[in-house]
Amino acid sequence: MKSHFVSDLQDGQAVSTLFLVCEKGIRTSARGKSWLELSLRDRTGSIPAKMWDNFEAIAKTFECDDVVVIRGRVKLYNGVKEVTLEQIIPAEEREYDLGDFLAHTKFDIEKLYAELRAAIAGMKNPFLKRLLEAVVEDPSITPRLKRAPAAMMMHHAFIGGLLEHVVSLIGLSRGVIAQYPELDADLLLSGIVLHDIGKIEELSYERGVQYTTPGRLLGHITIGTGIVREKIKSIPGFPVELAILVEHLILSHHGSLEFGSPTLPQTREAVALHFLDDMDSKMAAMRSTLDSESGNAEWTERNPALRRALLRTDRYTGATPRPPAPPAAKPSEPSFPSTAQLDFGVRKQ
């Protein structure tokens, strides 16, 4: 079983434990010196590793996404921890628990799922309520919804990340709806639940977060629109106009053509969804970066997705870093009132 985790490793520490190999390559310097370079991961993070001698035969015994037993020593190189490897042995499946190697939401998955279902139960629009129930309670979707990450790298890139992201957006939307009562609460909730549903097929997350072939070829916006369109077809009398508004939420939620949305947000709910989604994803990315030990005591390393380094402000404010709050808390009264703004005629698809 695994004995040491990335988050526990210290400079100079001897380490002998299990890691998942997420990157592998043989590098050669300008002077002709070659070495084996790996990126090793567990549920707490990743760490670079190098093997300098007698690595040629060993490198042929394992591949990326394999679990290996390594022996080596941690050292600092340019201020970053890495492992100098002395031994690498492929591990047998009986020797490890795969859960030790995949980052996971800090929140209880079943509680997050209960929060989601409670929000849907409070909806007033019968068509939108049936649509969301048809998606989140589908036996072929529910297990994947509970496990899928929300992204490969940018934000919530861990098991359960998609569900955490959705429930976080539900919590954020309550304040926005209270401030802007002209928003259709049920329609906005539909966008929150469905905007990233295509991630369950876009991403593979068994041994690491990777794109699937459909994910590479189609992307989660196209995949998600297809999933929702099929569910709408199964609901008798679902209004055509309402179906268009729901699809628009999915198609426009990235906010601009350059970021992959085939259309711009052109309804109140679509604009609100885009900015809520953007804020939650960026704050999650900032949290992950600030929680990392990369960089120094004052500044983090540059986050490629955010295109900036972040200042560790706690030393300036004197505040003690706090753990993240649960994504959403149940309100004392129903949070999603009736859909009063829409008056669609009932038309069959």
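Is Glu247 buried or exposed? Glu247 is buried, with a relative accessible area of 14%. Buried means under 20% relative accessible area, exposed means over 50%, and partly exposed lies in between (1.4 Å probe, protein chains only).

This is a predicted model, where local features need pLDDT of at least 70, side-chain atom pairs count only at pLDDT 80 or more, and totals for chains, interfaces and linings use all residues. Residues are numbered from 1 along each chain as its sequence is written, and side-chain values use heavy atoms, with hydrogens and water left out.

**Salt bridges**

A salt bridge is a side-chain nitrogen of Lys or Arg within 4 Å of a carboxyl oxygen of Asp or Glu. The whole structure holds 13 salt bridges. Among them are these:

| Pair | N to O distance |
|---|---|
| Glu82 and Lys50 | 3.6 Å |
| Glu110 and Lys146 | 3.1 Å |
| Glu247 and Arg229 | 2.5 Å |

Glu247 sits in helix H9 (residues 240–252), and its partner Arg229 sits in helix H8 (residues 213–233). Arg229 is partly exposed, at 39%. Helices (H or I, at least four residues) and strands (E, at least two) are DSSP runs, numbered from the N terminus.

Glu82 and Lys50 are both buried. Lys146 is buried too, at 17% relative accessible area. Glu110 is partly exposed, at 46%.

**Two loop residues**

Asn54 lies in the loop between strand E3 (45–51) and helix H1 (56–59). Its phi is near 50°, a positive value in a residue other than glycine. Asn54 is exposed, at 66% relative accessibility.

Asp65 lies in the loop between H1 and strand E4 (67–77). Its phi is near 75°, also positive in a non-glycine residue. Asp65 is buried, at 19%.
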